[in-house]
Amino acid sequence: MTSPSAQVLRGHRVQTSFNSQTLDIARDGQRTRIPLSAVQAIRVTAPRSIEIVLTSGVRHPVTGPNPTATAAFATALSGALPPEPDPDTAAAVTTEQEPNRGLPWKLLSLLGAPALAFVGYVTWVGIARGSDGAFAALLGGPFILIGLALVAYAVEEIHRRAVLRRHGITVRAERTRPGVFTYVAADGVARTYRIKRQLLGIHLIHDPRKPHVAAHVSPWYFVAVRLFLVLAAGIGTGALGGTVSFHTAWLPDTQ
């Protein structure tokens, strides 16, 4: 009899899967890898919720799409666990940021409403000014979106740096492979940080309340100049697009 395919539990902004050795939890751009021997218990806490308890006491709540899938996954995962957990393997739990494969959902949600409004505006200009006016209005759209994206990135980075400056804990991260550094956060979980550095170790500052929020330590003036340039580029690019879309499109015909 052929064995059933490995199950994958897809919940709200979280995906959980496992193989014969490891349990993977992908959530909000992070991937946590847990040796099955480090799992103490699997508890179904609600029809669509599971709590994964590690030997270290750390709990990982995950969700499923429906009660049937959630219960089946809990049963399959419980059956895959070794007869006795090994507390020593809890130290092998790692959490790392997944590389971005497209625009973040936060950025898409931020730009979605302005993009729809802009489409409506271009349509209105096309009705009022004809195809030439609509083309001019449409031409500035990409510049506006790029400008908004740069400004949103700069504002979010400024906020992140401000939070880390107020609540952050600085640790030393050791290079485990090119461009990847590993650190153990305040919660005792090993996490990775990606940055192109040839050093054997770097200093990272992370938020103990959200240990995955981290940044490498840099001189304040370097960070300030970089964010100022990004913010200025965003404002300038957006202003250029706005001028083309909202001024040039309404210039009187020269004929």
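Here is a short chat about a loop glycine and a helix pair in a predicted model.

Local features here need pLDDT of at least 70 and side-chain atom pairs 80 or more, while totals for chains, interfaces and linings use all residues. Residues count from 1 along each chain as its sequence is written, and side-chain values use heavy atoms, leaving out hydrogens and water.

Student: Is G64 buried or exposed?
Tutor: G64 is in the loop between β7 (59-63) and α1 (67-80), with helices (H or I, at least four residues) and strands (E, at least two) taken as DSSP runs numbered from the N terminus. Buried means under 20% relative accessible area, exposed over 50%, partly exposed in between (1.4 Å probe, protein chains only). G64 has 10% relative accessibility, so G64 counts as buried.

Student: Which residues does G64 touch, not counting those up to four places away in sequence?
Tutor: Contact means heavy atoms within 4.5 Å. With that cut-off, the list for G64 is L9, R10, G11, R48 and T70.

Student: How are α3 and α4 oriented to each other?
Tutor: Axes are lines fitted to C-alpha atoms, for helices over the stretch in contact, and angles run from 0 to 180 degrees between N-to-C directions. The axes of α3 (residues 141-167) and α4 (residues 220-246) come within 7 Å and cross at roughly 155 degrees. Angles under 35 degrees count as roughly parallel, over 145 as roughly antiparallel, 65 to 115 as roughly perpendicular and the rest as oblique. That makes α3, relative to α4, roughly antiparallel.
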